[in-house]
Amino acid sequence: MMTQAMSAMFEALRQKLGPQVQSVRADREDEIYLLLADADIRPITEHLRGQFGARLVTVFAEDRRATEGVFFNYYVFEQKGSAQYLIVQAPVRSDSLEFPSLSAELPAVNWQEREIQDWFGLKAAGHPNPRRVALHDNWPDVYPLRKDFPLETVLPPFEGERHIYRPAFGEGVLQVPVGPVHAGIIEPGHFNFAVAGEPILYLQLRMFYTHKGTEKLFEQLPIHKAVFLAESISGDSSFSHGTAFCQAIERAANIEVPLRGLVMRTILLELERICNHVGDIGAIATDVGFVIANAHASRLKETLVTLNEQLTGSRLLRGMVCVGGVRRSWDAAQLGALRSTVDSFAREFRDLISLIDRSESTRDRLEQTGVLRPDKARDLGIVGVGGRASGVDLDVRRDHPYAAYSRYSFRVPVYQAGDVWHRMQVRIDEVNESIGIVQNAMADGLRREFRVPVPPIPSDRCALSAVEGWRGEIIHWIRTGPDNHLERCKIKDPSLNNWPALVEAVQGNIIADFPVINKSFNLSYSGTDR
Amino acid sequence: MFKILQKTVSTGTVTVNYPAEPAKISERFRGRPSFDFDKWKDARPAADVCPTGAISLSDNDESRNVTVDYGLCVFCGLCAEASSDQAVRVTQEFALATSDRRNLVFTAEYTLNADRTHGGLRKVDRRLVDAETDVESLGQKARDTIQKILGRSLAIREVDAGSCNGCELEIVALNNPVHDIERFGIHFVASPRHADMLLVTGPVTRNMELALLKTHRAMAEPKVVVAVGACGISGGIFGENYASLGSVDKVLPVDVYIPGCPPRPQALLHGILLAVGRLAERLHTDRAG
């Protein structure tokens, strides 16, 4: 099924790039695949970015040696104002194993290209910093996402240096190592600060401490079990990742989720957003000493997770989403609880925000702290809350509508200042918008079906799925395999491209402000490390 | 300032009195699935859907061994949905923590009919989840221990050894005004050197093994280790693979296991209070020795 507009685009690209563009196919109306003849992604990237203002959403690889004799790199592009994703599929030869790096021009894919190096053993030629990122330096030379690497491989004990940090010199310059075990109850990662007195000169990050073979594991589990693995990619985004995964399967198998199922997903996605945003607002307040605001915020969060449990049986909204819709409908008592909790929450939330707004000292600490400039945010490809506070106007709910979002109107808050205060402001605005969405959706499609039976999933279908989790853009890409299994499942949590934002934002700030700056992004370690 | 006080006064006290009073939980909450082994006619549908293999079977010609491991359970409720014979039921039980990993494993042996459904129940081994499930007295005992022996303070160091962050969310919730774990004199500390208890979530990744060991080593004796959640107890859905070592007890001696995915705050509290008892015992032995 090739539309006229598509064949026109194909012709235009062909004229520009010649026979390098091999073929084009539309797996779905909003998901177009363009196959290249070789791995050279640079001309088409330049063209798509220059000519169409396209954004490179993500890049990932797949081992297709067994069936097609090559690896493939996939480059996902989107264009402002269009709901389509254009996925450029570039073969990487299994003898040379090389593909050209885009990181010098597009720092946004720095980690993602290195991840391909580490996990597939391909080489990003010309990468400005090709060191390992996704496997630590003390790992042996293994490429876990190659098909000939068994998941259960037992690796020998690791030896040698885990990572060599760049040294920082100068009078009074010190390096402060922090982590992987942090002071609070948070996930592990290592931060190496170079400081001159109090101000931070340079922050080096070492993530992937919680790497647990998730993408590889997806290739072993039957699909209905893999839904639970998706819920465990990042605990605070259980429902978003679960939905992204189920959506991918539904797209691959042409399963149409009935209206009430879509509406209930929308409600739960928004509850997850509200829950986490309120928690973060409280945590930001705590980190500048306004503890009482956090007491109220965490109390409000508790009322929401209690509601979660009433609606789904789980405080983290687990065990609710399934391929084909949602597992259970809501009765009158549950709907009543949803309505009354959201209404009283809306009132209490206003009180909380007015407490924060009245606190001059809080505002004083948060304004101009941890500034991420809009141009930096764009270059680094920052998405989600951190992006919108720095002028990056992206929101999957609006740009690529899924679930039932096209049925409700909502505003996407965007600020330019890029400091902690505005990242909090984005959250406050979004909570208010989310309350509106939930209130509008509650009774929408009430008597309609919420789930359809799932037919056997056809083999060898690809599908891309995107969800605006509360942190930002979540991408799942799958290729189905035989017997209700997956050949490949790529997970991109928004944290993966957002960590470098933290490096930018802390520069010049005092080390004591690091916790609040970090909290204002609140990125997922497990979502990054997988 | 006035507004802050006004809000505080109008909010009142929100802290719950668990375990002195029973926990108020939603009737929709999915707790421990219970198995009526006598009534169970076929374990295959439940075993087929179980995402983590918490229900597993081994068949030979005329008999079947069924194992139910609550240490692997993620409390999804699929087993109850899949079993048409009403033998599997989702309960509201959450206080499942135990000091003996074996307590979490039930086994049953069935004779098989020609169609591979269960003929008769040959034997069943169902340990009590713990003798100490009287949570109320457990709470009182723990409070006394903390008061008298630990100088009114129990310090916990939490280590995420590879979790999805779900367990961390519930551990953080223990500190909110509703669950307020500090009412027991229990608090979370930054340094392992100050800690009496190590609360570990898992699965333990290859990359976190060393950090976990070092944290444990940095703690002063006597100390106890608590493994949290399906992943901490057994590796959970992640299991063991090239990057994951699986359960916490592969790396450290574990004193108490707290099932859940994640365990709700009350379940965590129950497990922590149980571990206080173990710590008290250890203090006695240390002093006697």
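In the predicted model, the C-alpha centres of domain 1 of chain A and domain 3 of chain A lie 28 Å apart. Chain A is divided into domain 1 (4-125), domain 2 (173-206) and domain 3 (216-520), the bounds coming from an automatic or database domain assignment. Residues are numbered from 1 along each chain as its sequence is written, and chains are lettered from A in the order in which they are written. Local features are given only where pLDDT is at least 70, side-chain atom pairs count only at pLDDT 80 or more, and totals for chains, interfaces and linings use all residues.

Between these two domains of chain A, 17 residues of domain 1 are in contact with 17 residues of domain 3; two residues are in contact if their C-beta atoms, placed from the backbone, lie within 7 Å. On the domain 1 side, the elements that give two or more residues are β1 (21-28), β3 (55-64), β4 (70-78), β5 (85-93) and α4 (110-120) of chain A. Here helices (H or I, at least four residues) and strands (E, at least two) are DSSP runs, numbered from the N terminus. The largest share of this side, four residues, is supplied by β3(A). By class, the side of domain 1 that touches domain 3 has ten nonpolar, two polar and five charged residues. In this classification, Ala, Val, Leu, Ile, Met, Phe, Trp, Tyr, Cys and Pro count as nonpolar, Asp, Glu, Lys and Arg as charged, and the others, Gly among them, as polar.

As a whole, chain A contains 18 helices and 15 strands. The C-alpha trace of chain A spans about 70 × 65 × 50 Å along its principal axes. A compact globule of 530 residues would have a radius of gyration near 24 Å, and the 23 Å of chain A agrees with this. The radius is taken over C-alpha atoms, and the globule rule is 2.2 Å times the number of residues to the power 0.38. Buried residues make up 53% of the 530 residues in chain A. A residue is buried if 20 or more other C-beta atoms lie within 10 Å of its own, exposed if 12 or fewer, and partly exposed in between, with C-beta atoms placed from the backbone. Of the contacts in chain A between residues at least 6 apart in sequence, 65% join residues at least 24 apart.

An α-helix has 3.6 residues a turn, so residues three or four places apart point the same way.

Chain B is assigned domain 1 (33-96 + 103-125) and domain 2 (135-288). The C-alpha centres of these domains lie 29 Å apart, and 13 residues of domain 1 are in contact with 14 residues of domain 2. The side of domain 1 of chain B that touches domain 2 comprises ten nonpolar, two polar and one charged residue.

The secondary structure of chain B comes to eight helices and 13 strands. Its C-alpha trace spans about 75 × 45 × 40 Å along the principal axes. Of the 289 residues in chain B, 51% are buried. Among contacts in chain B between residues at least 6 apart in sequence, 78% join residues at least 24 apart.

Strands β2 (residues 55-59) and β3 (residues 63-69) of chain B pair in the antiparallel sense over five bridges; two strands pair if DSSP finds at least two bridges between them. They form a hairpin with three residues between them. In β3(B), N65(B) is the bridge partner of S58(B), and T67(B) is that of S56(B). Strand β3(B) also runs antiparallel to β5 (residues 105-112) of chain B, joined by seven bridges. There, D69(B) has V105(B) in β5(B) as its bridge partner.

Between the chains, 50 residues of chain A are in contact with 46 residues of chain B. On the chain A side, α5 (214-218), α6 (223-231), α9 (291-312) and α10 (332-358) each supply at least two residues. The largest share, nine residues, comes from α9(A). The side of chain A that touches chain B divides into 19 nonpolar, 19 polar and twelve charged residues.
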